[in-house]
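Take a look at the model before reading on.

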Amino acid sequence: MKERIVLDRMALADVSVEPSKMAAAILDQIPDLKAPVPVEAIAEALGIVEIRIEPLRNVEGALLTTPERGSGAILLNSESPRQRRRFSTGHELGHFTNIYHEQTGDGFSCSRGDMRASNLKDADRHRRQEAEANRFAIALLAPVKLCKAWLRQAPEIAKLQDMAGKLDLSLEAAARRYAELTPAAIAIVFSQDGRIRYVAPSRECPRLQNLRDSQLPPGAVMARHQQGQSQPEPSWIDLDPQDWLRDPFRGELTLETLAQQNGHAISILHVDGESDI
């Protein structure tokens, strides 16, 4: 049976439109919240009258609504995996719940690039709005109270996979959220074809070199598994701190890497030691 949630939208009227606070205020109205967060039921309770899934070109999600946000409809790309559609739903709800977000024409149309925006202080209004919508989405789908079980454990890729599965998020989104919340000194490294796309450091991670577009060290990524074989285990290698950190460092750096499809890989940079400054 379809899950139904009742939310008091009037109680949200006085809540700060800061994305994390708005997401928390919504989730606080749901007793006994469990993972995965029922984002579609939340959308319905907020006034989304339809969520339609169909093939889209250059668009991951769209929101049709009025400036007053009395009601709305969400359109999702059927070509995207379910976890990405869940995030896109949360993203569009981020626009829907923030009355200061300006729409183009009859609504919002958000690309894959928009779903990666992260600078909440961007001078460009559009990019800032997209970053705020992303902040709302991850705070809604991976609230701190549901992430605590993993944050208490040692950082390992297996833990990130479990977190992603339980929260029904992509591994990339779950890993970024973990890096944001963990007290451990780590960084999550995202790469494709052996070249680093971007890095998400934790608060306790020492200052990193500019690693974007750098090559992963030889041996970091195991050969991708052959069809019919089990998933590969993560590979571990030791690193030279001078290649990764800006400041002198006393300790050890290791890189745990899991090969994925299409040349993608996810790594955890484990930092055991402290900067010598």
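Buried means under 20% relative accessible area, exposed over 50%, and partly exposed in between (1.4 Å probe, protein chains only). This is a predicted model: local features need pLDDT of at least 70, side-chain atom pairs count only at pLDDT 80 or more, and totals for chains, interfaces and linings use all residues. Residues are numbered from 1 along each chain as its sequence is written, and side-chain values use heavy atoms, with hydrogens and water left out.

**Helix H5**
- Helices are DSSP runs (H or I, at least four residues), numbered from the N terminus.
- Leu146, Cys147, Trp150 and Leu151 are buried in helix H5 (residues 144-151).
- Down the axis of H5, its buried residues fall within an arc of 145°, so they line one face of the helix. The arc is that of the directions from the helix axis to the C-beta atoms.
- Helix H6 (157-167) and helix H7 (171-181) are included in what covers these buried residues of H5; contact means heavy atoms within 4.5 Å.

**Salt bridges**
- The structure holds 16 salt bridges, each a side-chain nitrogen of Lys or Arg within 4 Å of a carboxyl oxygen of Asp or Glu.
- Glu44 pairs with Arg4 at 3.2 Å, N to O. Glu44 lies in helix H2 (residues 39-46) and Arg4 in the segment before helix H1 (19-27), so the pair ties together parts 40 residues apart in sequence.
- Glu44 is partly exposed at 35%, whereas Arg4 is exposed at 64%.
- Lys159 bridges to Glu156, with the closest N and O atoms 3.2 Å apart. Glu156 is partly exposed at 31%.

Technical notes:
Helices (H or I, at least four residues) and strands (E, at least two) are DSSP runs, numbered from the N terminus.
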